[in-house]
Amino acid sequence: MESIAIVGIGCRLPGANSPEALWELLLRGDSCITTVPSDRWNKDELYNSDPTVPGKMNSQYGAFLDDITHFDAEFFGISPREAQHMDPQQRLLLEVVWEAFEDGGFSVKRLPSNETGVFVGIMSSDHTNLALGDLYNMNAHTGAGIGYCLVANRISYQLNLGGPSIAVDTACSSSLVATHMACQSLRTRETDIAVAAGVN
């Protein structure tokens with residue numbers, strides 16, 4: 001069986017916005033658990049130490065990504081209005097996949113279109129639930145902003161990749177299954193390059 005090479009990597013993780021930062025975090029043995037940032041939600045309003053109280057949470061801590069609201073829509077040729085309705089998971093993946101190609105020394109504009117596949121593990125639908133609960137702000141961009149399939153498809157479309165474009169939800173194993181599917185696609189020669197990604 002032929003080997004499969006990982007030629008580029010990108011990541012956004014709590015406390016680490018690059019593979020190098022993740023490695024340093026691991027070497028230091030740091031924890032990325034913090035109190036809830038004030039720009040996420042009011043922890044004092046939602047916190048109650050009693051886990052049986054309805055509508056409350058009994059923790060004030062979590063692991064949070066930095067700077068999730070900023071996205072260079074113009075760089076990807078996306079209008080500000082459309083970007084506003086995109087699931088943040090789509091925005092994050094576009095940025096990280098671009099970085100992974102750069103890390104691997106690829107010019108995104110010269111990728112072999114029909115030989116590059118995208119396989120994404122995803123399981124969180126927070127944005128979808130919020131978008132569908134706000135009927136007055138739904139518009140033509142809402143559908144493209146919330147679908148699981150669009151997480152992979154938007155990468156393929158924006159980067160002009162014509163290979164398989166698949167989003168998979170197998171709960172906690174979603175990223176692992178996406179990686180398996182990417183490897184299978186390479187082994188069967190369906191693709192020459194495969195993006196294996198996960199987002200939550």
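Before going on, a word on what we are looking at. This is a predicted model, in which local features need pLDDT of at least 70 and side-chain atom pairs count only at pLDDT 80 or more, while totals for chains, interfaces and linings use all residues. Residues are numbered from 1 along each chain as its sequence is written, and side-chain values use heavy atoms, with hydrogens and water left out.

Back to our serine. S174 sits in helix α8, residues 174-187. Helices are DSSP runs of H or I with at least four residues, strands are runs of E with at least two, and both are numbered from the N terminus. Which backbone atoms lie by the side chain of S174? A polar atom of that side chain is 2.9 Å from the backbone nitrogen of T170, and a polar atom of it is 2.6 Å from the backbone oxygen of A171. Setting aside neighbours within four places in sequence, S174 is also in contact with G121, I122, M123, V168 and D169; contact means heavy atoms within 4.5 Å.

Not counting residues up to four places away in sequence, S156 touches V118, L161 and S165. With S165 there is a polar contact of 2.8 Å between the two side chains. A polar contact is a pair of N or O atoms within 3.5 Å; within protein, one must be able to donate a hydrogen and the other to accept it, and residues adjacent in sequence count only if both atoms are side-chain atoms. S156 and V195 are 39 residues apart in sequence, and their C-alpha atoms are 9.9 Å apart in space.

After α7 comes N160, with a positive phi near 60°.

Next, helix α4. It runs from residue 88 to 103, has 16 residues and reaches 22 Å from first C-alpha to last, close to the 22 Å expected at 1.5 Å a residue; the expected span is 1.5 Å times one less than the number of residues. Why is α4 largely enclosed by the rest of the structure? Because twelve of its 16 residues are buried, including L92, W98 and F101. At the start of α4, a side-chain oxygen of D87 comes to within 2.8 Å of the backbone nitrogen of Q89. Just after α4, G105 has a positive phi of about 80°.

For contrast, look at helix α1, residues 19-28, where you will find L26. L26 counts as exposed, because its relative accessibility is 52%.

Finally, the whole chain. There are eight helices and five strands, and 33% of the 200 residues count as buried. The C-alpha trace spans about 55 × 45 × 30 Å along its principal axes. Among contacts between residues at least 6 apart in sequence, 66% join residues at least 24 apart.

Note on methods. Buried < 20%, exposed > 50% of the residue type's maximum accessible area, 1.4 Å probe, protein only.
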